[in-house]
Amino acid sequence: QTYSYREKVAKAYNRLSVIMMNQQELKMAADLLEKAQILGELFPEVMAVTYNNLGCYYRMKGRNRTALNYLKEALNVENTLADSPINISDTHLNLCAIYSDLKRHKDAYYHISLAIRHLQVEIFGRHLDPREDPTVVEAKEGVDKVRLEVFTTAVFNLAVQLEFLEKWEKSQITYEVSKLLVQTYKLEGPLKTTILAATRKAESKLRRKLLKQRNVHASRAERAKILHLSKKRAPKSTDSQARSPVRNTAAMSSEMEARLRSWSMYTATLRK
């Protein structure tokens with residue numbers, strides 16, 4: 001009974017800490033998480049939640065390195081659990097945010113990709129083929145709308161990381177998918193506002209980047225074509241010229257012979 005009580009109270013402290021963080025009451029959140037850590041130390045499921053929340057807390061405090069360490073601990077615990085109390089996708093989402101803050105966008109891209117794969121199984125019951133459009137795949141029955149919001153957020157974050165990695169075309173497509181998911185799931189509130197505003201802002205930038213990229217590719221192709229044509233038109237050397245590795249001085253022009261003599265005189269002067 002004592003163990004059961006400790007576990008319940010630790011979970012309650014974690015829930016309250018999230019409320020406090022949402023209200024920017026960080027001192028209260030820190031106190032609650034400290035108590036949750038003490039009471040929940042014997043329960044891996046509770047510690048996974050606590051480490052995750054500590055990661056979020058330290059990110060809000062601007063201490064990204066500390067936040068990263070706690071989120072890695074959360075991921076290590078979750079990987080040992082058969083049935084994690086929180087979705088492991090949430091931890092990957094948080095890791096993506098931290099790595100993006102640290103400008104480690106390849107790592108951020110790695111974690112957001114894993115988050116989406118886990119969310120696909122949770123929402124659709126399987127991994128989607130890269131060619132499948134998630135806006136037309138029906139979600140499993142009983143999936144909470146909050147999880148649809150999390151999935152939409154993950155797709156939006158994927159678009160952001162692709163933009164950071166200068167994958168302009170993929171980023172443009174992914175932004176469009178996130179916008180369509182907002183419409184498909186009839187999402188409202190700050191999430192809808194953020195995604196639609198960011199997508200509009202990104203569209204013009206990505207169009208310019210894609211146009212510039214295509215112009216560069218066209219220019220390179222044109223140069224390669226010119227080079228290819230110039231090689232085709234160049235006169236071929238005779239067999240005797242091709243096989244002779246040594247130049248015949250007697251066959252040189254008078255101008256070349258004069259240059260050779262001048263060089264010989266110059267070297268002779270240096271030796272004196």
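Mentor: Buried means under 20% relative accessible area, exposed over 50%, and partly exposed in between. Keep in mind that this is a predicted model.

Trainee: Is C56 buried, exposed or partly exposed?

Mentor: Take its relative accessibility, which is 26%. That value falls between the cut-offs of 20% and 50%. So C56 counts as partly exposed.

Trainee: And C96, buried or exposed?

Mentor: The relative accessible area of C96 is 2%. The cut-off for buried is under 20%. So C96 is buried.

Trainee: How many disulfides does a search of the whole structure find?

Mentor: A disulfide needs two cysteine sulfur atoms within 2.5 Å. The search covers the whole structure. The number of disulfides found is 0.

Trainee: Let's turn to the rings. How many aromatic pairs are there, and what kind is the pair of Y57 and Y58?

Mentor: The count of aromatic pairs is 5. In one of them, the ring centres of Y57 and Y58 are 4.9 Å apart, with the planes at 75 degrees. Planes over 60 degrees apart count as edge-to-face. So the pair of Y57 and Y58 is edge-to-face.

Trainee: Which residues do ring pairs link into a cluster?

Mentor: Y57 and Y58 are both buried. Both belong to the cluster. Its members are Y51, Y57, Y58 and Y70.

Trainee: How many residues apart in sequence are the parts tied together by F156 and Y175?

Mentor: F156 and Y175 form an edge-to-face pair, 5.9 Å centre to centre, with 65 degrees between the planes. F156 lies in helix α7 and Y175 in helix α8, so the pair ties together separate parts of the sequence. F156 is buried at 11% relative accessibility, and Y175 is buried at 5%. The parts are 19 residues apart.

Trainee: Is R131 buried or exposed?

Mentor: R131 forms a salt bridge with D129, the closest N and O atoms being 3.0 Å apart. D129 is partly exposed at 30% relative accessibility. R131 has a relative accessible area of 75%, so R131 is exposed.

Definitions and conventions: Residues are numbered from 1 along each chain as its sequence is written. This is a predicted model: local features need pLDDT of at least 70, side-chain atom pairs count only at pLDDT 80 or more; totals for chains, interfaces and linings use all residues. Side-chain values use heavy atoms; hydrogens and water are left out. Buried means under 20% relative accessible area, exposed over 50%, partly exposed in between (1.4 Å probe, protein chains only). Rings of Phe, Tyr and Trp (its six-membered ring) pair if their centres lie within 6.5 Å; planes under 30 degrees apart count as stacked, over 60 as edge-to-face and the rest as tilted. Helices (H or I, at least four residues) and strands (E, at least two) are DSSP runs, numbered from the N terminus. A salt bridge is a side-chain nitrogen of Lys or Arg within 4 Å of a carboxyl oxygen of Asp or Glu.
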